[in-house]
Amino acid sequence: MSAPVDVVIVGAGVGGAIASTVLAEAGLRVVCLEQGSWTPRERFPHFDADWEWRRLNDWSTAANVRQWPQDYPIDTEDEVTLMWNGVGGSSTVYTGTWPRFRPSDFRKGTEHGQQPDWPLTYEDLAPWYEANDRVCGISGVLGDPAIPAREPFQTGPLPPGSSRAAMRGFEALGWHWWPMPNAILGEDFDGRPACNHCGNCQSGCPRGSLNSMTYSWWPRALRAGVELVENARVTRIETNENRLATDVEYVDPATGLRKVLAARHFIVSANGVGTPRLLLASASDSFPTGLANSSDHVGRNLMHHGLSIVEAWVDEPLETHKGFVSAQLICEEFAETDISRGFINGFTLHIVRMNGAGYQAHGSHSGNVAPWGRTHHDWFRTHFDHGFGILCVGDDLPLPTNRVTLSESMIDSDGIPAPKITYGLHANDAAMMDYAVDRAVELAQAAGAIDIKVNRWRNAAGKYTPPAWHLLGTCRLGDDPATSVVDQWGRSWDVPNLSIMDGSVLPTGGAVNPTSTIGALTLRNATHLAAELIAGR
Amino acid sequence: MNKLADLLIPGDAAFPAASATDAPDLALSRLYDRLPAEELWVLFDDEQAPRVKDLKQLESELPELFFELRFALYFSYYEQPEVIKALRKLGHDYHQAPQPLGYTLDPFDERPGFDLPSVARGSYKPTQEIERIDVSTLPWFTETTGE
């Protein structure tokens with residue numbers, strides 16, 4: 001075994017990219033192990049006629065559908081778990097939707113006690129949001145009164161295109177709405193070109209207009225000297241008698257053999273499913289219930305956001321196949337708790353597009369499928385490019401029963417138990433989503449919809465089985481070792497030289513997409529860790 | 001497969017029938033990728049050509065297989081060059097693939113009432129103003145899950 005490096009990071013996604021950069025730029029020797037690889041530009045489906053088919057098959061964001069060699073199976077019937085295993089992580093194929101949490105998202109313990117307070121405030125995180133944005137390149141418009149003021153965006157906003165019909169509805173109802181901040185360039189920025197509105201963000205962006213970590217943080221990390229090992233799947237983290245992590249075992253991509261890499265400090269950034277899976281798989285005599293799991297909170301409190309979507313079709317062409325897919329507008333009218341609505345917490349409404357002709361004919365996001373037979377084309381003429389989506393995104397409660405454990409029946413290609421995911425909506429959150437759908441239908445009607453379709457993501461048995469893109473809460477941070485896995489800096493309470501930097505540390509999920517918050521928190525915590533490790537040399 | 005495809009997507013004055021394109025063959029190859037061959041044989045009866053009522057029966061009795069058939073055919077059809085051409089003739093600015101051309105959209109108009117609200121609305125609770133809310137009116141909260 002070679003001499004220990006300063007830091008080993010498991011996972012090259014959002015958390016791994018940012019942490020790698022910060023620590024290497026501080027002068028530390030950093031090795032990042034990534035179970036996948038870079039996704040070369042020519043592999044993206046955007047240049048081929050079968051781009052829509054591929055998005056739902058071999059290029060699917062669902063690992064269980066895609067089944068690439070670097071993917072691991074996910075044992076669940078409760079959801080469709082979405083993730084991307086490769087350099088850049090899920091930022092490789094996400095929509096780049098970039099809102100920030102609200103101050104109250106950090107204070108739910110104070111507000112009602114059904115979620116914990118964060119051990120930091122919005123104000124603590126605000127400068128880190130800004131610093132991360134300056135690297136990623138965010139488009140938007142200042143002046144939204146529904147969120148705290150912020151520094152200027154890096155580029156101007158993207159054209160709203162098809163969302164102009166929804167604007168009409170918002171105006172008629174007198175609800176809040178505003179252009180959504182997006183990690184998609186409205187203008188050229190930092191050597192990357194502005195978006196050309198191709199409409200296939202959900203398969204990633206081969207141009208570099210949409211911020212993947214491979215376009216923003218990773219080039220900087222490599223310049224700083226980070227050693228990135230691709231196709232290296234970490235199988236476990238070992239500890240010693242002093243309850244310190246000593247090394248990671250991973251499968252060597254060149255030989256298929258298991259290798260060991262020692263370090264002074266370890267960071268796990270494998271997302272809200274992969275991180276608890278690795279910690280649980282690293283159980284030992286010293287840590288019989290899993291590494292860093294004395295609280296029994298590793299894997300628990302899984303959050304995805306409550307989701308429903310309402311799609312509306314109007315009697316005018318909207319060119320909904322053009323432009324960035326999600327989201328053009330955000331409505332935060334219902335984002336704060338108002339107990340008179342019959343639930344705590346809140347939700348946001350996002351105006352989204354419907355992709356291409358095949359997807360629209362096959363029901364788009366809501367399942368409004370064009371009829372087969374003689375009326376097929378009549379339906380297509382009145383619906384294609386005439387619709388928009390209203391995505392309802394609710395703050396789901398962190399339930400201990402919503403969790404990631406190790407599967408007893410599935411293993412990956414290296415013999416590691418697959419994650420088993422158990423997830424369901426709390427009654428509060430189900431009530432919230434019902435209310436949200438009613439509001440979205442109201443908006444569709446106010447926009448002049450001639451056809452409306454609701455998708456509550458319930459299966460034939462009525463069970464909520466959502467697409468699960470936001471993987472949050474399973475190693476949450478806190479100020480009490482009994483109810484959290486890591487402290488406010490992401491450092492394990494149980495294993496002092498182990499940190500976690502990804503979505504799993506978020507104690508609450510807010511009512512918006514989490515990537516900007518994961519990035520800001522990682523930047524803050526990695527900066528703090530770098531100072532500690534340098535001081536401790 | 002051509003006959004089956006035409007029952008699902010017949011042509012009209014603007015659009016070609018599915019069988020006038022390569023969609024049936026493409027859909028069939030995709031079905032073979034997704035389903036075991038023995039399941040697919042249900043779709044094809046050598047004795048007689050498929051009829052609308054057969055397809056309706058398939059839709060009601062084997063909905064999962066019907067879903068797969070429709071899924072493969074709809075996506076295969078709408079990527080065919082003849083269909084893209086028909087879309088363009090109807091006035092849609094539509095490419096067969098999103099890149100490299102992308103699309104042109106009208107630029108963002110920052111004037112209030114255009115691409116920004118006519119009146120800026122909305123608010124948030126600042127950190128220091130967040131106060132305890134009484135949740136006792138909600139039936140499902142009998143204990144706290146964290147604070």
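Which exposed residues does the face of H6(B) turned away from its buried side carry? That face carries B:Lys85 and B:Lys89, where exposed means over 50% relative accessible area, buried under 20% and partly exposed in between (1.4 Å probe, protein chains only).

## Basis and confidence

This is a predicted model, in which local features need pLDDT of at least 70 and side-chain atom pairs count only at pLDDT 80 or more, while totals for chains, interfaces and linings use all residues. Residues are numbered from 1 along each chain as its sequence is written, chains are lettered from A and ligands numbered from 1 in the order in which they are written, and side-chain values use heavy atoms, with hydrogens and water left out.

The model scores ipTM 0.93 and pTM 0.96. The mean pLDDT of chain B (the predictor's confidence in each residue, from 0 to 100) is 91, and 95% of the residues score at least 70. Within chain B, confidence is lowest in helix H3 (residues 37-40), with a mean of 85, and highest in H6(B), at 98. Helices (H or I, at least four residues) and strands (E, at least two) are DSSP runs, numbered from the N terminus.

## Helix H6 of chain B

Helix H6 of chain B spans residues 81-89, and B:Val83, B:Ile84, B:Ala86 and B:Leu87 are buried in it. Viewed down the helix axis, the buried residues of H6(B) fall within an arc of 155°, so they line one face of the helix; the arc is that of the directions from the helix axis to the C-beta atoms.

These buried residues pack against helix H9 (357-361) and helix H10 (376-383) of chain A, together with helix H5 (63-77) of chain B; contact means heavy atoms within 4.5 Å. Just after H6(B), B:Gly91 takes a positive phi of about 100°.

## Salt bridges

Over all chains there are 38 salt bridges, each defined as a side-chain nitrogen of Lys or Arg within 4 Å of a carboxyl oxygen of Asp or Glu. One of them joins A:Glu227 and A:Arg29 (2.7 Å, N to O). This pair links distant parts of the chain, with A:Glu227 in strand E5 and A:Arg29 in the loop between helix H1 and strand E2, 198 residues apart. A:Glu227 is partly exposed at 31%, as is A:Arg29 at 42%.

A:Asp71 and A:Arg66 also meet in a salt bridge, at 2.6 Å, N to O, and both residues are buried.

## Aromatic and charge-ring contacts

There are 27 aromatic pairs over all chains. Rings of Phe, Tyr and Trp (its six-membered ring) pair if their centres lie within 6.5 Å; planes under 30 degrees apart count as stacked, over 60 as edge-to-face and the rest as tilted. The ring centres of A:Phe334 and A:Phe347 are 5.1 Å apart with planes at 10°, so the pair is stacked. A:Phe334 is buried at 6% relative accessibility, and A:Phe347 is buried at 0%.

B:Phe67 and B:Phe71 form a stacked pair as well, 5.8 Å centre to centre with 25° between the planes. Of these, B:Phe67 is partly exposed at 38%, whereas B:Phe71 is buried at 6%. Ring pairs also link A:Phe380, A:Phe384, B:Phe15, B:Tyr77, B:Tyr78 and B:Tyr94 into a cluster. The charged end of A:Arg43 sits over the ring of A:Trp68, 3.7 Å from its centre; this requires NZ of Lys or CZ of Arg within 6 Å of the ring centre and within 35 degrees of the ring normal.
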